[in-house]
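The sequence and the structure come first.

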Amino acid sequence: MEEERKPYGCGNIEVNSVHIPGIQSERIDISKDLDNALELILLMQKKTKQEKPAALPVPKPEPMPQKSQTRGGFLFLMGRAAGLVAKAFKEVGSGR
Amino acid sequence: MISMPDSLSRSGDLSAIARKYPVKGLDVGTMNLVSATDIGGKELELRKIRHVFLEIDRNIFAEKVFKDQKIKYAEINSRLFALGDSAFDIAKRMNTTVKRPMKAGVMNYSENVGEIILSVMIHSLIGGAREGGEVCCYSIPSDPFDAKFNVIYHKGIIADVLSSMGYTPLAFKEAQAVVYSELAPEQFTGIGISFGGGMINVSLNLLGRNLFDFASIRGGDWIDENVAMALDLQQSRITDMKETEVDLLEPKTRVDKAMVIYFKDVFSYLLKAISKRLSLSLEKHPELEEGVTIVSAGGSVQSRGFIELFREEARHIRFPVRINDLRAGTDLLNTTAKGCFINAFTKYYLKEKNERR
Ligand SMILES: Nc1ncnc2c1ncn2[C@@H]1O[C@H](COP(=O)(O)OP(=O)(O)OP(=O)(O)O)[C@@H](O)[C@H]1O
Ligand SMILES: [Mg+2]
C-alpha cells in the first residue's frame, strides 16, 4: 500500500476538512443555449446523414475508484483523496 | 432509457430533455474555475472560484478565525490552505503572493498539493454526480505551438478527478467551447479564441466541426511577466493594474504603453499563425471562401480597448479569406463553461438517438 502512494509525490494525503462558503454564483436563462444546442444537433444530424454515421464518443461511466480494487498507484490515490474530499464536504458542508 | 422526441422545434422540448438528462460543463482554467449546471431544465447556474491557494501558518491564523470570517479554506494533512478569493485577500494582507494549481493552461507540476486542491475546488463547484455516470464536459487547452509540453497528462488528471466524483468525464477543447457558445448565428462556422491567463486557445470550426486548433503560451500571465520585466516592477502589481486601470485605447502611463506594445505583438503573432492555418484549411474546404467570423472570449478581453486594438492589428494581416466580423463574446468569463455544457448536451442527445435506432 505504502509503495502505491509514492507516484502521487506527496505521501499520505488526507483531507481533514473543507469550508468553502459564499461561492460566486449566478443563474441565467438556459433557453438561448438550448436553442443553440438545437442548431448544433440539427447540423450534426444533417452531416451524419450525408456522411457515414460518425462514431460519437460514448464514454462509459467509470466505477467509483474508492471501490475499485484494481486501480493502483496514482489513480488509486486520486480516488481515495477525492473520496476523502467528498466525506469532508458531507461533514463540514461546502457552503452550497 | 430517456425518451427523446424525434423532431425538435422549440427550446421547450429541449428543456424537457435537459431536465431528464442532466449534464454539467466545467471550465478548468489557470486563473478561474467555472461550472455550468442546468437547474430544472430552465436555468443554467454558473459558479465561479479563483483558482489559487495559499498555505497559512497556524500560529498566525487560528482555524476559528477562519470560520468566523467566512474564509474559504481546506485542511489537508493538518495543513491549512486558504482558497480562491480568500487566498488573494490574505496574500495581500501578508504581503506575499498566491500559489496556483495550474500554470500555462495545465497542471503546475511544481505544486505538489496542487492536484488535491484542484479536486477540492472542483468539488466545491459541482459536488458529486447527480446520478451515476452523469456527464461532466470539461475544458482542456490545445497543444501549444510555441512550447514543448502537451496536454495529455493534464487531461488525464482532470478525468480522474471527475470520475472519482462519480462523473463520466468528457474533454473538450477550450476554443471550440467558445465557438459552441458564441457562433450559433454563424452556424458554428468561424474562429473561436479564448484569451486566458495561462494560454491563448484558437479553433476554426466549419458547421460545428473542428478543422484546426492550437494554443500559444503568450496568455495574460506571459504579458504581465514581460511588462513587469521591461519596467522592473513586480508581476502581481502589473496584473492588478492591468485588471483595474490599464487603458489600451488611450495609453497614458508607462504601464499602459508597455501593455499596448505587448498586446499588439501578441495579436500580430497570433493572427499570423491563424492566417497560415486558414490557408491550409481553405485548400481542403473551399466553403470557407465565404469568409469567417472571429470571436474572442476569456478574461483578457475585458481590458479597455482590447477588441479595438485586436481589430487594428488584424487590418495589417493578410488573410486568405475575408474576416466577416471580429467581435468580443457576450459573457467573457462564462463562455467556456457554457460551451462545454452545450457540447455535453448535444453529444448525449445524439448518442441517445443513435442508441434508439
Ligand atoms: N478586468 C480585467 N481586465 C483585464 N484583464 C483581466 C481582467 N480580469 C481578468 N483579466 C485577465 O484575464 C486573464 C484570466 O482570464 P480567464 O479567466 O479567461 O483565464 P483562465 O481560463 O483561468 O486561463 P486559461 O484558459 O489560460 O487556463 C488573466 O490574465 C487576468 O489578468
Ligand atoms: Mg480559459
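β1(B) and β2(B) form a hairpin, with three residues between them. Strands (E, at least two residues) and helices (H or I, at least four) are DSSP runs, numbered from the N terminus.

Six of the six residues of β1(B) are buried, where buried means under 20% relative accessible area, exposed over 50%, and partly exposed in between (1.4 Å probe, protein chains only). Both faces are covered: B:Val23, B:Gly25 and B:Asp27 lie on one side, and B:Lys24, B:Leu26 and B:Val28 on the other.

## Conventions

Residues are numbered from 1 along each chain as its sequence is written, and chains are lettered from A and ligands numbered from 1 in the order in which they are written. Because the model is predicted, local features need pLDDT of at least 70 and side-chain atom pairs count only at pLDDT 80 or more, while totals for chains, interfaces and linings use all residues; side-chain values use heavy atoms, with hydrogens and water left out.

## Helix α4

Helix α4 of chain B covers residues 114-126, and its 13 residues should span 18 Å at 1.5 Å a residue; the expected span is 1.5 Å times one less than the number of residues. The end C-alpha atoms are 18 Å apart, which agrees. Because 13 of the 13 residues of α4(B) are buried, the helix is largely enclosed by the rest of the structure. B:Gly127 follows α4(B) and has a positive phi, near 60°.

## Pockets

The largest pocket has a volume of about 970 Å³. A pocket is an open set of points, on a 1 Å grid over the protein atoms alone, where a 1.4 Å probe fits, with protein on both sides within 12 Å along at least five of seven lines; lining residues have an atom within 4 Å of a point. Grid points are joined across faces, edges and corners, and a volume is the space filled by probe spheres set on the points. Of the 33 lining residues, the closest to the centre of the largest pocket are B:Val98, B:Arg100, B:Gln235, B:Ser236 and B:Thr239. α8(B) gives the largest share of this lining, seven residues. The lining divides into nine nonpolar, 12 polar and 12 charged residues; Ala, Val, Leu, Ile, Met, Phe, Trp, Tyr, Cys and Pro count as nonpolar, Asp, Glu, Lys and Arg as charged, and the others, Gly among them, as polar.

The second largest pocket has a volume of about 720 Å³. Of its 42 lining residues, B:Met31, B:Asn32, B:Gly299, B:Gln302 and B:Leu333 are the closest to its centre. Elements that each supply at least two lining residues include β1, β2, α7 and α8 of chain B. The lining has 12 nonpolar, 20 polar and 10 charged residues.

## Positive phi in two loops

B:Asn95 is not a glycine, yet has a positive phi of about 55°. B:Asn95 sits in the loop between α3 and β7 of chain B and is exposed, with a relative accessible area of 73%.

B:Asp232, in the loop between α7 and α8 of chain B, also is a residue other than glycine with a positive phi, near 55°. B:Asp232 is exposed, at a relative accessible area of 70%.

How values were computed:
Two strands pair if DSSP finds at least two bridges between them.
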